[in-house]
Number of protein chains: 2
Amino acid sequence: LRLSERQLVERIGRQASQSAACSARGLVLKQGIGDDCAVIGGSSGNDLLITTDLFLEGVHFRREWQSADSVGHKVLARGLSDIAAMGGTPRFAFLSVALPPDTASRWVDEFFEGLLRLAKASGVTLAGGDTAASHSTFVADIMVIGEAKRGTAVLRSGAKPGDEIWISGSLGGAAAALGILQRKSGRRTAPRDRLQPLLYPLPRLAIGDELRRRRLASAMMDLSDGLSIDLARLCQASGVGARISAAAIPRPAYVPLDHALHGGEDFELLFTIPAACSRKVPKHLGGVPLTRIGAITRGRSLRLLQEGRESTLPVRGFEHF
Amino acid sequence: LRLSERQLVERIGRQASQSAACSARGLVLKQGIGDDCAVIGGSSGNDLLITTDLFLEGVHFRREWQSADSVGHKVLARGLSDIAAMGGTPRFAFLSVALPPDTASRWVDEFFEGLLRLAKASGVTLAGGDTAASHSTFVADIMVIGEAKRGTAVLRSGAKPGDEIWISGSLGGAAAALGILQRKSGRRTAPRDRLQPLLYPLPRLAIGDELRRRRLASAMMDLSDGLSIDLARLCQASGVGARISAAAIPRPAYVPLDHALHGGEDFELLFTIPAACSRKVPKHLGGVPLTRIGAITRGRSLRLLQEGRESTLPVRGFEHF
């Protein structure tokens with residue numbers, strides 16, 4: 001392909017904004033392309049949060065590596081994570097799915113079991129969608145609609161120099177699990193808990209909601225493509241730089257630093273906290289640790305502190321193209 | 001595949017409703033799976049209308065048969081037609097697109113030109129979406145959000161015995177165009193206007209809106225899969241039957257009756273009108289004829305009047321599986 005994903009998103013954004021005209025009637029687009037969700041305001045007290053996420057066999061997952069149940073779970077989890085990243089409450093999901101001709105009825109059942117179990121646990125109603133036959137591989141596109149009190153959704157663009165940089169949970173577990181699945185022997189012998197971060201990620205809805213409601217976070221996004229590239233995106237949206245400490249990044253003992261810095265699919269939250277609010281951030285929320293890993297800086301550069309030395313943070317996260 | 005599209009949709013609907021619980025907060029699902037759009041009500045004066053539509057290379061179109069511009073147009077037109085079918089006003093679109101590795105940058109440009117031209121003409125803002133690399137064919141999923149004054153969206157389920165059955169425009173043109181494109185010689189020599197119904201269908205937004213605002217239509221849907229199968233769906237949703245007249249169905253002179261009865265992709269509106277309102281329905285709207293083709297009956301059967309004889313209407317429309 002001759003366009004990177006970033007180029008394509010920029011092009012869509014540019015062309016779309018040329019044609020866009022926020023109407024005077026009813027709904028108004030407050031945040032369009034370029035954040036985890038679009039934010040649409042209306043006459044009611046809540047803004048709508050809307051996100052769509054593709055999940056493609058051979059690109060985002062392999063059927064021989066994971067059960068239909070975990071595919072269903074993950075399709076929805078990816079969308080819910082975008083709602084969490086705005087601090088919103090997910091309400092409705094719409095699923096478009098194209099199935100290859102050899103798909104067994106049982107696979108479809110298990111796919112929906114995984115998806116609907118997470119929907120129920122998250123208070124989400126599957127409200128519609130579309131189905132088609134695929135001539136090649138499995139395709140799913142999930143759309144999630146959430147809500148947040150008007151004007152309170154946490155954008156990527158609010159980080160200020162001096163704000164602290166925090167993350168939820170630990171990083172690199174999904175990349176490590178991917179490494180296990182890529183080895184045939186690993187698929188047979190891996191302990192289940194080592195695969196969980198990749199196969200059954202838990203969207204951080206309660207954490208995002210708490211940070212929004214208490215107005216602690218100045219900016220927030222979810223870590224879908226890797227800390228380095230996602231931090232770069234948050235900094236670009238906010239017009240700032242960042243300095244993070246390698247030693248501060250929580251990671252399981254078996255995870256190498258590179259996976260924690262650049263591995264995708266952890267679906268933890270990355271957020272910034274004004275220094276004055278730092279003490280108000282709980283150390284844990286619902287059993288998940290919240291950890292300060294660095295600070296927002298005035299320059300545009302990304303810096304990594306490691307063993308007493310400071311260097312440029314390489315941006316190497318996952319690009320889908 | 002071991003499930004038909006209908007079976008799959010029914011299964012989704014059944015499993016989803018088991019997990020559904022309309023929350024007391026904010027948004028409420030008024031119409032879920034089983035109509036052209038989902039209808040979501042909130043505290044504002046308008047209901048939200050939401051639809052998603054897959055458009056897959058090799059299933060819904062072939063790249064060698066149509067320009068990127070018409071692919072872009074049609075991806076959005078399919079979604080807008082679902083909004084028209086509720087009588088709604090489309091406001092925002094979200095596009096998920098997966099591109100094969102050999103896609104030229106120019107093809108992408110033309111795709112967006114076609115999509116954004118129709119968006120602009122329809123007052124729709126492209127507000128977000130997702131992109132990915134496809135390892136096989138082109139995949140697009142469009143989600144459109146529209147609005148209609150609270151409680152006025154026209155469902156499929158409101159038809160009553162004695163209501164008249166009407167359609168907008170003429171039928172079978174898209175099926176005839178597909179026949180032309182399937183013959184290699186036809187692709188070179190076909191006049192442009194013969195291909196327009198398939199390649200650049202125009203969603204009937206103004207007609208749907210007018211019928212809703214004047215509260216003329218008791219039920220409505222768009223004709224995406226063919227008159228016979230879509231009429232069967234409307235009758236099933238309303239718990240009624242129908243009798244239509246072959247001679248009354250408007251079709252271009254070059255279109256055989258079978259195409260008008262069973263051909264998909266015309267994206268005209270099918271609607272029912274209480275007999276008392278019949279005289280209020282205009283004969284044309286924005287240059288598009290509106291035509292009465294039959295009546296709703298009390299039984300559950302579908303009947304076709306042809307050359308003075310009445311027989312069972314065969315249901316043969318397009319199933320995507």
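B:Asp193 counts as exposed because its relative accessibility is 55%; exposed means over 50% relative accessible area, buried under 20%, and partly exposed in between, with a 1.4 Å probe and protein chains only. The model is predicted: local features need pLDDT of at least 70, side-chain atom pairs count only at pLDDT 80 or more, and totals for chains, interfaces and linings use all residues. Residues are numbered from 1 along each chain as its sequence is written, chains are lettered from A and ligands numbered from 1 in the order in which they are written, and side-chain values use heavy atoms, leaving out hydrogens and water.

**Confidence**
- The complex has an ipTM of 0.86 and a pTM of 0.90 from the predictor.
- Chain A has a mean pLDDT of 90, and 91% of its residues reach 70 or more; pLDDT is the predictor's confidence in each residue, from 0 to 100.
- In residues 18–24 of chain A the pLDDT is below 50, and this stretch has seven contacts in the model beyond near neighbours in sequence. Contact means heavy atoms within 4.5 Å.

**Fold and dimensions of chain A**
- Chain A holds nine helices and 14 strands. These are DSSP runs numbered from the N terminus: helices are H or I with at least four residues, strands E with at least two.
- The C-alpha trace spans about 55 × 55 × 45 Å along the principal axes of chain A.
- Among contacts in chain A with a separation of 6 or more, 82% come from residues 24 or more positions apart.

**Surface and charge of chain A**
- Of its 321 residues, 62% count as buried.
- Chain A carries 41 positive and 32 negative charges, whose mean positions are 5 Å apart. Lys and Arg count as positive, Asp and Glu as negative; His and the chain ends are not counted. Each charge is placed at NZ of Lys, CZ of Arg, CG of Asp or CD of Glu.

**Two residues**
- A:Ser70 sits in helix 2 (residues 68–84) of chain A. A:Ser70 is buried, at 1% relative accessible area.
- Leaving aside residues up to four places away in sequence, A:Ser70 touches A:Leu199 and A:Tyr200.
- B:Asp193 belongs to helix 6 (residues 192–199) of chain B.
- B:Asp193 and B:Ser301 are 108 residues apart along the chain, and their C-alpha atoms are separated by 36 Å.
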